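Please look over the sequence and the model below before reading on. The paragraphs that follow walk through it step by step.

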Amino acid sequence: MSNQQVILVNRPTGVAQATDFVVRTGRIDELQDGQLLVRNHFLSVEPAMRGWIADAGNYSAPVAIGEVMRALASGEVIASRHPDYQGGYFVMGWFGWQDYAVVDPGKIVQRTNRAELSASLGILGLTGVTAYLALTGVGNPRPGETVVISTAAGAVGSTAGQIARILGCRTVGITGGPAKVQMCLDDFGYDAAIDYQGEDVPERIAALCPDGVDVYFDNTSGAISDAVLPHLALGGRVIICGTAAVQRWDDWPVGPRVERHLLVKRGRMEGFVIFDHMDRYGEAVERLRAWLADGRLTHREDILEGIHACPDALAGLYRGENRGKRLIRLV
């Protein structure tokens, strides 16, 4: 069997472009004792991939030039030399941007089923789990509070917004363009949404949050966060989940200082990385699955076809092309 693989060939200085990757035919390693062979059905595209291939310090080692692009994927076990996994099982894990992956069980994040293969990379995977654990664990929203979310129509943002509504909060989303504003209102149930491309964000935050922002779920950093932070309510909490608006961290960008806002408002700002919370992964998936089943939670997927869509998929994500969780379908 041939194995098409997406290889990192250049170290980007900002958002990776299609020219930073190449699709090559590689080999499938022989199975060793304790390993299994997975045929990938779906490949995930994550905003965090930008950090995984950067040369700057991050929470994980960078993907090496010449290596298969690190990625979550879901698929079917088609051969196994491990007693806990049999052919026909469906799994999600760190299988990379490739058709087939030979892995040990340590690369598997969760067992799944055929019906949830795509959802296991989104609403029932790290995307949904991140939204749930970051919002409830760091933000600790209480009924009646106002929760503001940037990239509000994105996979993590839209999930966090819906969870905040389920928990009895008032939700305000920040997103780009009229179409995504309408998605926030119609699909994800936000109470209000702001178009940062066409509206004055500080003015709209002041109008929509007259009593201040109790929880800010920050997926962007940059100018959007600069506009929100002065409007923190007393005791406000800020969840740092992403920095999508900052193209480069070398040289370190300098913006407005936030310390005075946090001091005066007795606020708290905390970073969230899902890998620190994997012990609660199963608990979060079960809660998300229950909310999906009773119709209180919904999600959208943005599916590209074929492995040759991979090289430009991350750049497209940062261009704002996706309408939901971005995936690549192989099978």
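Which residues of helix 2 are buried? They are L126, T127, G128, V129, T130, A131, Y132, L133, A134, L135, V138 and G139. Here buried means under 20% relative accessible area, exposed means over 50%, and partly exposed lies in between, with a 1.4 Å probe and protein chains only. Helix 2 covers residues 126–139 and is mostly covered, with 12 of its 14 residues buried. Just after helix 2 comes N140, which takes a positive phi of about 45 degrees.

Some ground rules apply to everything here. This is a predicted model, in which local features need pLDDT of at least 70 and side-chain atom pairs count only at pLDDT 80 or more, while totals for chains, interfaces and linings use all residues. Residues are numbered from 1 along each chain as its sequence is written, and side-chain values use heavy atoms, with hydrogens and water left out.

Now consider the whole chain. The protein chain has 9 helices and 15 strands. Helices (H or I, at least four residues) and strands (E, at least two) are DSSP runs, numbered from the N terminus. The C-alpha atoms fill a box of roughly 60 × 45 × 35 Å along the principal axes. The radius of gyration is taken over C-alpha atoms, and the globule rule is 2.2 Å times the number of residues to the power 0.38. For 331 residues, a compact globule would have a radius of gyration near 20 Å, and the protein chain agrees because its value is 20 Å.

Of the 331 residues of the protein chain, 50% count as buried. The accessible surface comes to about 14,400 Å², and 49% of this belongs to carbon and sulfur atoms. Accessible areas come from the Shrake-Rupley method with a 1.4 Å probe, and for residues only the protein chains shown count as cover. Contact means heavy atoms within 4.5 Å. Among contacts between residues at least 6 apart in sequence, 65% join residues at least 24 apart. As for charge, the mean positions of the 32 positive and 38 negative charges are 1 Å apart. Lys and Arg count as positive and Asp and Glu as negative, whereas His and the chain ends are not counted. The place of a charge is taken as NZ of Lys, CZ of Arg, CG of Asp or CD of Glu.

The start of the chain comes next. S2 is found in the segment before strand 1, which spans 3–8. Its relative accessible area is 48%, so S2 is partly exposed. S2 and Y100 are 98 residues apart along the chain, and their C-alpha atoms are separated by 8.8 Å. Leaving aside neighbours within four places in sequence, S2 is in contact with T25, I28 and Y100.

Q5 is found in strand 1. It counts as buried because its relative accessible area is 13%. The side chains of Q5 and Q98 are joined by a polar contact of 2.8 Å. A polar contact is a pair of N or O atoms within 3.5 Å; within protein, one must be able to donate a hydrogen and the other to accept it, and residues adjacent in sequence count only if both atoms are side-chain atoms. Q98 is found in the loop between strand 5 (90–94) and strand 6 (100–103). Q98 has 10% relative accessibility and therefore counts as buried. The side chain of Q98 also reaches the backbone oxygen of F95 at 2.8 Å. Not counting residues up to four places away in sequence, Q98 touches several residues, among them N3, Q4, N40 and L330.

The buried residues of helix 9 pack against several elements, including strand 1, strand 2 (21–26) and strand 15 (325–329). Helix 9 is followed by G320, whose phi is positive, near 80 degrees.

Two loop residues complete the tour. T151 has a phi near 45 degrees, a positive value in a residue other than glycine. T151 sits in the loop between strand 8 (146–150) and helix 3 (155–166). With a relative accessible area of 31%, T151 is partly exposed. R266 also has a positive phi, near 50 degrees. R266 lies in the loop between helix 7 (259–264) and strand 13 (268–271). R266 counts as exposed because its relative accessibility is 59%.
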